[in-house]
Amino acid sequence: MSDHPLDHATHQVHAAQAARDKLAVKAFFDEPTNTASYVIHDPATRRAAIVDSVLDFDAASGRTSTASADAMIAYVRAEGLTLDWLLETHAHADHLSAAPYIQQTLGGKLAIGREIITVQNVFGKIFNVGTEFARDGSEFDRLFEDGDEFAIGSIPAIALHVPGHTPADMAYVIGDVVFTGDTLFMPDFGTARADFPGGDARQLYQSIRRLLALPDATRLFLCHDYKAPGRDSYVWETTVAAERAGNIHVRDGVEEDAFVEMRTKRDATLAMPKLILPSVQVNIRGGQLPEPEENGKRYLKLPLDTL
Ligand SMILES: [Fe+2]
């Protein structure tokens, strides 16, 4: 079976492993949402991207803050980087994106997968957003399709469509590094859930096995870590070889049907993420907060008895 984007990504990884300038990756871990965000750059040109930023949000008070985003902005400035891209792996259900705030401050193009339009339609109905919400992806500057190419300075990159957790998930293969989004977690924790509206465990398996067909030494940077039982520290970096050898859900030898059965059973036991309603409501609009009402205040909706 031929898979041109994956063949292309494989060649890219091999070439990047031999190259002198490797993608520099700086992780910022947000403990309240277990999210790993990244500032990445090409050391030769100092062009940069930010992957999956977090806008701090306290649900009890309804208060947002930019402390996490400001830390990333300070790093970009201290390193003398130029921000070209704000990459979202998907419409996150556990945190609000800080992409619009960072974009206002540092510039750069906001990108996500083209299937975000599907997610906008599904959740547009759930939130009963009217015709003022276009649901055509126009809140983003670039909608990636499977195999689309871009670059961070002189380092080539390929977007891979890896649906299953949501219909719109993308993984970004940049040099010899993959930002996996919500597909895989660390080998001792397993995989992302597949039970959100539009999720599909069978698709998730196929997407993950596709990523694991990349060369063994490919570096993987994950979107989340939750500390597996028995592990005391957060970890967000691994390799294709380590996942293939030891992922508790999808290591080599685990068949698709067995994975789907396991994932479906496990998902039935999981509560909804604490911030799913605020997060998705904001993130399907590219991280833009709702427009203020006539009193100048912004409001989020809580659909009752829906999810
Ligand atoms: Fe997610």
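How many bridges join strand E1 (residues 24-30) to E2? The count is seven, and the two strands run antiparallel. The model is predicted: local features need pLDDT of at least 70, side-chain atom pairs count only at pLDDT 80 or more, and totals for chains, interfaces and linings use all residues. Residues are numbered from 1 along each chain as its sequence is written.

**View 1. The hairpin of E1 and E2.** Strands (E, at least two residues) and helices (H or I, at least four) are DSSP runs numbered from the N terminus, and two strands pair if DSSP finds at least two bridges between them. Lysine 26 stands opposite valine 39 in E2. Four residues lie between the strands, and asparagine 34 takes a positive phi near 55 degrees.

**View 2. Burial of strand E2 (residues 35-41).** Seven of its seven residues are buried (20 or more other C-beta atoms within 10 Å of the residue's own, C-beta atoms being placed from the backbone; exposed means 12 or fewer, partly exposed in between). Thr35, Ser37, Val39 and His41 cover one side, with Ala36, Tyr38 and Ile40 on the other.

**View 3. The hairpin of E2 and E3.** Strand E3 (residues 47-51) pairs with E2 in the antiparallel sense over four bridges. Tyrosine 38 has valine 51 as its bridge partner in E3. Five residues separate the strands, and arginine 46 in the turn has a positive phi of about 60 degrees.

**View 4. The open sheet of six strands.** The order is E1-E2-E3-E6-E7-E8, with mixed pairing. E1 and strand E8 (142-144) are the edge strands, each pairing on one side only.
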